[in-house]
Amino acid sequence: VSQSRYYPPFPKGKRLKVVEFGGGNSCVFRSVIRGNQVGEYGIYDASPAGLRLARAKFRRCSRRILCWAKKIDLARSVPSCRNADCCLSVGLVEHFSPRERVRLLRRHFQMVKKGGFILITFPTPTWLYRLIRHTAEWLGRWRFPDETPLTAAQVESEAPRGSRVLLRKLIWTAGLTQALLVFKKPYRDWE
């Protein structure tokens, strides 16, 4: 996800507002702000340790970018920030129950303004994912008991009516194969 070819086609010359869900120790923060004209970058996470890591990263950030990190349980609460240009999550939605996952996926769309972008990555059950996970479980090394690999179709089915998928990509280099979806929120109301 750190490569700019995976980012949505942001408008040129505009200062963007980007919100990341579950990004306490964000692995994409630097590449997002480096590759785009970001004016504000916010993180919502439930982990106090993750939020401390995010704030440490933000201290080393340019003063031209408003950075913030807030504690919230995204499956149970609606974040206060709205009208972002982009909402993203990297390896988050697969750790929730089916009911919470639907709520969380919808929250991504609620965060962005009409015409905004949603970028979501999640593990997907390719043969390579299944091989690595089965081997790790057999060796007693698997550390993600709540992880449910998802297909792109499962995640797409929860997107609001009228949303467009701009990019569908499998990222094999992660080993535990990740699917990447980039959506564009419809311009008309969907709720």
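This short talk covers the sheet and some of the salt bridges in the structure above.

Please keep in mind that this is a predicted model, in which local features need pLDDT of at least 70 and side-chain atom pairs count only at pLDDT 80 or more, while totals for chains, interfaces and linings use all residues. Residues are numbered from 1 along each chain as its sequence is written, and side-chain values use heavy atoms, with hydrogens and water left out.

Let me start with the sheet, which is open and has seven strands in the order β3-β2-β1-β4-β5-β7-β6, with mixed pairing; strands are DSSP runs of E of at least two residues, helices are runs of H or I of at least four, both numbered from the N terminus, and two strands pair if DSSP finds at least two bridges between them. At the edges stand β3 (66-71) and β6 (164-171), each with a single partner strand, so one side of each has no neighbour in the sheet. Strands β1 (residues 16-21) and β2 (residues 38-45) run parallel and are joined by six bridges, one of which pairs leucine 16 with valine 38.

Turning to salt bridges, meaning a side-chain nitrogen of Lys or Arg within 4 Å of a carboxyl oxygen of Asp or Glu, the count comes to five. Arginine 76 forms one with aspartate 73, where the closest N and O atoms are 3.0 Å apart, and another with glutamate 100, also at 3.0 Å. With buried meaning under 20% relative accessible area, exposed over 50%, and partly exposed in between (1.4 Å probe, protein chains only), arginine 76 is exposed at 56%, whereas glutamate 100 is buried at 16%.
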